[in-house]
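Trainee: I would like a close look at one part of this model, taken slowly and with the criteria stated as we go.

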Amino acid sequence: MAGWFARSSTLARHLARTSSMTSPAAGGCLSSIRRHGTLKAGDTVLSPTDDPYRHQIAPMSKTLRVVPRYYNEWMETVIEEVSVAVLFGKEKKRNEGCGFCRRGGMKKELDFPGGKVMFVPEMNFLPGSTSERINCYCVLDDNGQTFSKSKFQELSKEDAVKMYIDMVTLQVMDTIFYEAQRQGRISFYLTSIGEEAINVASAAALKIDDIVFPQYREPGVLLWRGFTLQEFANQCFGNKLDYGKGRQMPIHYGSNRLNYYTVSSPIATQIPHAVGAAYSLKMDGKKACTITYFGDGGTSEGDFHAALNFAAVMEVPVIFFCRNNGWAISTPTTEQFRSDGAVVRGQAYGIHSIRIDGNDALAVYSAVHAAREMAIRESRPILIEALTYRVGHHSTSDDSTKYRSTDEIEHWRTARDPVSKFRKWVEGNGWWSDVAEEEHRNNTRKELLRAIQMAERTQKPSLSELFTDVYDQVPRNLQEQERTLREIIKKNPNDYPSDVPV
Amino acid sequence: MLGIVRRKVGCEVFSAMKFSLALRKVLPTGSALPMNYSTATKEITVREALNSALDEEMSADPKVFLMGEEVGEYQGAYKISKGLLEKYGPDRVLDTPITEAGFAGIGVGAAYYGLRPVVEFMTFNFSLQAIDHIINSAAKSNYMSAGQISVPIVFRGPNGAAAGVGAQHSQCFAAWYAHVPGLKVLTPYSAEDARGLLKAAIRDPDPVVFLENELLYGESFPVSAEVLDSSFCLPIGKAKIEREGKHVTITAYSKMVGYALQAAEILSKEGISAEVINLRSIRPLDRATINASVRKTNRLVTVEEGFPQHGVGAEIGMSVVEESFEYLDAPVERIAGADVPMPYAANLERMAVPQVDNIVHAAKRACYRSVPLAATA
């Protein structure tokens with residue numbers, strides 16, 4: 001496919017000319033051709049279009065590599081020679097502009113299902129990966145300052161402060177519930193430490209009509225929408241006030257009212273669900289989208305691929321939000337995939353995709369805001385890959401120090417903490433202070449401890465809830481079973497726990 | 001066969017009058033149903049029955065839509081959805097990429113939101129690629145979300161053995177899905193069953209697995225005008241007594257009902273009057289009808305096409321032991337497919353699936369007119 005190389009370099013030239021960028025990369029490409037008259041194996045041709053805000057994404061706005069290093073000598077020679085021949089226009093006229101507009105010559109176009117394809121005599125494999133990874137959109141530096149060229153969606157003071165408050169609440173809530181599990185008061189918990197920006201900022205960029213299909217590390221979305229600390233505690237303790245009627249493990253929150261679908265344990269099953277719901281929204285003509293969250297590990301599941309393909313074909317308004325946090329329990333991303341993360345997978349399915357800094361609340365907010373607009377206005381899916389780090393263990397059943405270094409964890413917990421980064425920006429605008437911080441953390445802690453006490457003391461769900469909701473109406477066999485069970489309990493009251501209501 | 005038709009006609013004349021009298025009391029005035037309807041007017045195939053049921057439900061409720069491989073342009077792999085794409089457009093009849101896991105998951109997601117999808121599997125053998133969504137995402141959701149998420153979805157498609165399609169196209173999944181609380185499992189036999197049960201399934205708020213049979217698609221059955229009415233619906237969880245008898249009860253579902261009826265005909269010539277029950281609904285199982293029948297006849301033969309171990313017959317046998325043990329005069333006989341993956345060669349395939357003689361012999365064993373199985377071992 002030297003045609004591809006021809007396109008790549010002519011494209012680079014075309015783009016450089018039309019967008020009149022003078023970035024060294026584009027200049028480097030042209031100058032190396034003029035200077036050396038050849039491109040060597042291992043050369044990199046950079047595209048100048050790395051502006052992440054353009055919604056109209058250029059077809060090849062990523063780095064292009066001329067020759068992959070692992071081909072053997074012979075192949076390299078062949079490819080080099082041919083590339084050189086093509087680049088120097090032995091087979092085409094010079095100065096005829098962009099390679100796409102070329103007609104005639106030895107290239108033959110053919111009509112295949114899906115569109116015209118050029119035939120080329122050279123055999124060239126697309127490289128499995130590019131030497132440079134897809135760029136990552138970020139707004140704030142490590143000191144919480146915006147870069148000089150930062151572009152982001154503006155935030156009002158109220159929204160910014162609420163975002164920060166909710167991020168802190170999430171952090172405190174995670175710490176306290178984790179401790180509660182360690183004390184044996186709840187059976188299980190998993191934290192979202194390190195991913196507070198993803199949780200809260202993405203929720204802030206959505207509207208309440210947008211439907212959320214979570215994995216399990218997104219309670220911050222519920223928090224933003226108004227789920228109270230008491231409601232969280234009730235679910236974890238499985239008492240009678242739990243909206244799940246005590247049927248699920250802790251952290252499997254769900255709320256119809258807040259458009260947050262109940263957390264389900266199997267990985268990635270929520271991804272095609274989100275596509276189906278988005279299809280329903282499209283059929284209803286509603287100005288809303290669905291969003292679904294999953295981790296780097298979830299992108300290996302079959303459901304991920306089926307859902308992305310489907311969403312692109314059916315053209316539905318769904319945001320696929322991948323939390324690439326480096327670890328799937330003990331599996332690092334190097335063992336999870338060989339592609340450049342999840343962002344290139346979106347492109348492979350025909351979906352506009354972006355990679356963002358998941359620890360930068362403003363970047364998350366801006367990207368989700370833009371994605372939502374695109375998804376709804378153009379009825380199309382969008383993929384966002386947020387790079388972040390899972391600071392906590394996978395869950396209370398995991399000890400991650402067994403498979404990763406404590407230095408790594410500490411580095412991300414302190415130097416890359418999304419909460420402190422955002423705090424610096426909010427304080428820089430004069431909207432927050434140390435006093436407010438201490439007050440909020442103390443109040444939240446007190447409120448949480450109170451909520452846990454209340455939840456612990458609240459009664460468990462009554463016996464009848466064992467049999468309801470299997471079907472829409474309780475079937476006769478379950479009615480009989482309930483009747484028999486109650487008779488047995490009446491006959492043997494000492495064998496039945498006294499604190500569980502009948 | 002003619003005898004059965006004539007008998008059906010006879011029954012229906014009698015019940016028709018009673019029914020129309022009852023109707024007049026129950027229905028509001030100006031009802032669309034005719035007051036005195038003639039009996040056994042038309043014959044339609046199961047395929048036409050399913051097609052008309054889908055058509056009517058889709059026109060009655062705009063939330064109903066059909067999704068599956070080849071359902072649109074190809075008119076359905078077995079032509080069940082013929083004409084629907086033309087009539088309702090690509091928004092409501094979706095041709096999907098080849099990913100059962102994908103479209104089952106997407107259907108469940110649409111049902112979560114409030115649409116009423118009908119998801120077609122080309123055969124239920126391929127539903128195994130989507131079974132996580134059927135069980136973990138559909139069946140359990142209402143319970144696990146404490147009633148917040150209901151899943152009014154129907155999974156339908158051909159189930160069980162066809163002719164010469166080998167092991168991966170011939171398994172019966174009735175027992176697999178009937179095992180799961182939260183699902184409803186229906187197995188129509190005749191055109192009336194197909195129409196009534198599919199309409200009931202689409203209207204039901206719970207997830208329903210609708211197991212059809214490829215070889216029955218082309219078979220014609222007589223239907224009354226009541227069945228052809230667009231409001232016709234059969235209740236889920238009620239079995240139908242296809243043929244009354246007094247000596248032995250034979251339960252069957254799907255294609256085996258036809259075989260059981262033939263066996264009953266053969267048995268009647270030998271003086272054994274068999275009662276044939278068309279189960280129609282595997283979950284919930286109509287234990288009341290089965291037990292009432294066994295209490296009348298005192299002998300039971302269960303017939304199914306699927307593998308014997310942990311099959312539908314095992315559940316029926318146990319139900320009868322639990323509720324009508326004293327009424328049994330003979331051990332329960334269980335006829336099922338051979339315990340091997342379905343072979344391809346026509347002669348082997350014939351031996352792997354129950355035939356009419358197997359049912360006849362089992363009924364005779366139950367009536368002590370034949371040598372017991374153990375003696376031949």
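Trainee: Which residues are linked with A:Arg423 in a network of salt bridges?

Mentor: A:Arg423 is linked in that network with A:Glu427, A:Asp434, A:Glu437 and A:Arg441, where a salt bridge is a side-chain nitrogen of Lys or Arg within 4 Å of a carboxyl oxygen of Asp or Glu. This is a predicted model, in which local features need pLDDT of at least 70 and side-chain atom pairs count only at pLDDT 80 or more, while totals for chains, interfaces and linings use all residues. Residues are numbered from 1 along each chain as its sequence is written, chains are lettered from A and ligands numbered from 1 in the order in which they are written, and side-chain values use heavy atoms, with hydrogens and water left out.

Over all chains the structure holds 45 salt bridges. One of them joins A:Asp469 to A:Lys245, with the closest N and O atoms 3.0 Å apart; because A:Asp469 sits in the loop between α14 (434-457) and α15 (476-491) of chain A and A:Lys245 in the loop between α7 (229-237) and α8 (270-284) of chain A, the pair ties together parts that are 224 residues apart in sequence. Helices here are DSSP runs (H or I, at least four residues), as are strands (E, at least two), numbered from the N terminus. A:Asp469 is buried, at a relative accessible area of 13%, whereas A:Lys245 is partly exposed at 24%; buried means under 20% relative accessible area, exposed over 50% and partly exposed in between, with a 1.4 Å probe and protein chains only.

A:Arg247 forms a salt bridge with A:Glu465, their closest N and O atoms being 3.8 Å apart, and since A:Arg247 lies in the loop between α7 and α8 of chain A and A:Glu465 in the loop between α14 and α15 of chain A, this pair ties together parts 218 residues apart in sequence. Here A:Arg247 is buried, with a relative accessible area of 15%, while A:Glu465 counts as partly exposed at 22%.

In chain B, the side chains of B:Arg280 and B:Asp193 meet in a salt bridge at 2.6 Å, N to O. B:Arg280 belongs to the loop between β11 (274-278) and β12 (281-283) of chain B and B:Asp193 to helix α8 (residues 191-203) of chain B, so the pair ties together parts that are 87 residues apart in sequence. Both B:Arg280 and B:Asp193 are buried.
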